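Me: I have a new structure to read and would like to learn how its features are described. Could we take them one at a time?

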Amino acid sequence: QLMLLAHGVGSRGDLPLPLWMFIWAAAIALVISFVALGSLWPTPRLAAAANGRRLSGVPGSLTLRLLLLAGRVVALALFGTALWAGLFGTDDIDTNLLPVTLYVVVWVGAQLVGGLVGDVWKAINPLTTLARLLETMTPPPVDPPPGLQHWPAAAGLAVFLFYELAHPSGSQPRTLGWMLLVHTVVSLALAARWGSAWLAEHEPLSALFGWLAAMAPLAIVDGQLRLRAPLAGLATMPVKAGTLAGLLIVLGGTTFDGFSESEVGRDILGRPEGWGGAVVLGLGLAVSVGVVAALFSAGIWWTRRVTSQSDLADAFTPSLVPIVFGYAIAHYAQLLVDETQSFVFRLSDPGGLGWNLFGGADGTIDFTIVSPDLIAWIQVLAVLFGHVGAVVVAHDRSVELFSLRESLRSQYAMLLVMVAYSTLGLWLLLNA
């Protein structure tokens, strides 16, 4: 089979309705949401709902600890197997376990689980498991430099997306194996110095999945599993220097991924190859990040102008999280459905060496398991709900910071930004 792991897949066919109809529907839905929020949501509500309520009837603490232990063992075993496959298995993207594990199961799957359920990745992260074992053999950790904040996570996400979208061999198992090995060694060395808890906020994938989990309905608060309203956790999401950059990098990366696979993108970029092509694609990725950053900055500029307040970018950074989540579902839904099947098959032969450990190595992807129309509807609704969620979060933060009248006026530009983001996202869906 032909794997398209270096670039996510938009959809298997045209949208079930004309693009202009979806764009108008999305714009109308955003405007209606804005007006309804102005009338029905005069005071902030999300922060009060962030703690949620304790879930009753969940498994006892011992059972939960055993489940988490099992999850850590499975994640660590898969991590070791995928790393071994990348370094010592065949250097074939169509048979090796590592590319589909990294680009589909972890990159896409953990984003989906994080936004819909909660920060499961934090509980089973194999790097954290290894770091905790290392802590038992190293001196007590010291505090990390305060200036780092979330900048290491943002820089790491930029490197990851460069490998995914621009590196000339970024989908090859051997390249990914060495990248993962270097990343593991560096992460563990820093964790040995600054503590395993440092990984949760500063290791790039862990940080991203944690940001997405802030919008999820499940959270652990004061050691208790609690149920809360979706999006509520974004009101109390910690925002540090580098958080905004990390979210914009991911949003810009997903946007560029779709653009580069569109007809217009192919006409502009061609099919660049080698390191010369990597420079072209890298510049395209940087421009895409710059465009989404400029749109967000325009909304913040208007808000500052209306309210005469400064330093508002951090306050509205959490409103980007639903968009990042919606774009991830919209852009990678088809990839997740198809290549998760491939992942299961490859477990029988992780290195592509002709093994058949569990009897599934000869399996083939069933591309009809989910209809193209259903995938298209999921993609469109993901884009729409992501932007509606962003409008809700931005409105809640604005009524917390400003008077209701100022709040509504301050969000005019941000509403236009959301319409622009949704139009771009829907256009990419049709043309990917």
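Reply: Start with the second largest pocket of this predicted model. Its lining consists of 45 residues, and those nearest its centre are Leu102, Val106, Trp121, Leu180 and Leu205.

Me: What volume does the second largest pocket have?

Reply: The volume of the second largest pocket is about 980 Å³.

Me: How does the lining of that pocket divide by class?

Reply: The lining of the second largest pocket has 33 nonpolar residues, 10 polar ones and two charged ones.

Me: How many cavities of 30 Å³ or more are found in the whole structure?

Reply: The search finds two of them. The second largest cavity holds about 70 Å³ of space. Around this cavity stand Phe34, Leu37, Val391, Ala394, His395, Gln411, Met414, Leu415 and Met418. Helix H1 (19–40), helix H17 (372–401) and helix H19 (412–431) are the elements that each give two or more residues to that lining.

Me: Which classes make up the lining of the second largest cavity?

Reply: Seven of its lining residues are nonpolar and two are polar, with no charged residues.

Me: Now the helices. What describes two packed helices?

Reply: The angle between their axes and the distance between the axes. Take helix H7 (residues 126–135) and helix H9 (residues 173–194): their axes come within 9 Å and cross at roughly 45°. Because of that angle, H7 counts as oblique to H9. The crossing of these two helices is right-handed.

Me: Which residues of H7 and H9 meet?

Reply: From H7 they are Leu127, Leu130, Ala131 and Leu134, and from H9 they are His183, Thr184, Ser187, Leu188, Ala191 and Ala192. In this contact seven residues are nonpolar, three are polar and none is charged.

Me: At what angle do H12 and H14 pack?

Reply: Helix H12 (residues 243–260) and helix H14 (residues 274–307) pack at about 120°, and their axes are 8 Å apart. An angle over 145 degrees would count as roughly antiparallel and 65 to 115 as roughly perpendicular, so H12 is oblique to H14. The crossing of H12 and H14 is right-handed.

Me: Which residues make the contact between H12 and H14?

Reply: On the H12 side, Leu244, Leu248, Ile249, Leu251, Gly252, Gly253, Thr255 and Phe256 take part. H14 contributes Leu281, Gly284, Leu285, Ser288, Val289, Val292, Ala293 and Phe296. By class, the residues of this contact are 11 nonpolar and five polar, with no charged ones.

Note on methods:
Residues numbered from 1 in each chain as written. Predicted model: local features only at pLDDT ≥ 70, side-chain atom pairs only at ≥ 80, totals over all residues. Heavy atoms only, no water. 1 Å grid on protein atoms, 1.4 Å probe; cavity = no way out; pocket = protein on both sides within 12 Å on 5 of 7 lines; lining within 4 Å. Points joined across faces, edges and corners; volume = space filled by probe spheres on them. Nonpolar A, V, L, I, M, F, W, Y, C, P; charged D, E, K, R; others polar. Axes fitted to C-alpha atoms, helices over the stretch in contact; angles between N-to-C directions. Helix = DSSP H or I, 4+ residues; strand = E, 2+ residues; numbered from the N terminus. Parallel < 35°, antiparallel > 145°, perpendicular 65-115°, else oblique. Left-handed = near helix turned anticlockwise from the far one by under 90°. Contact = heavy atoms within 4.5 Å.
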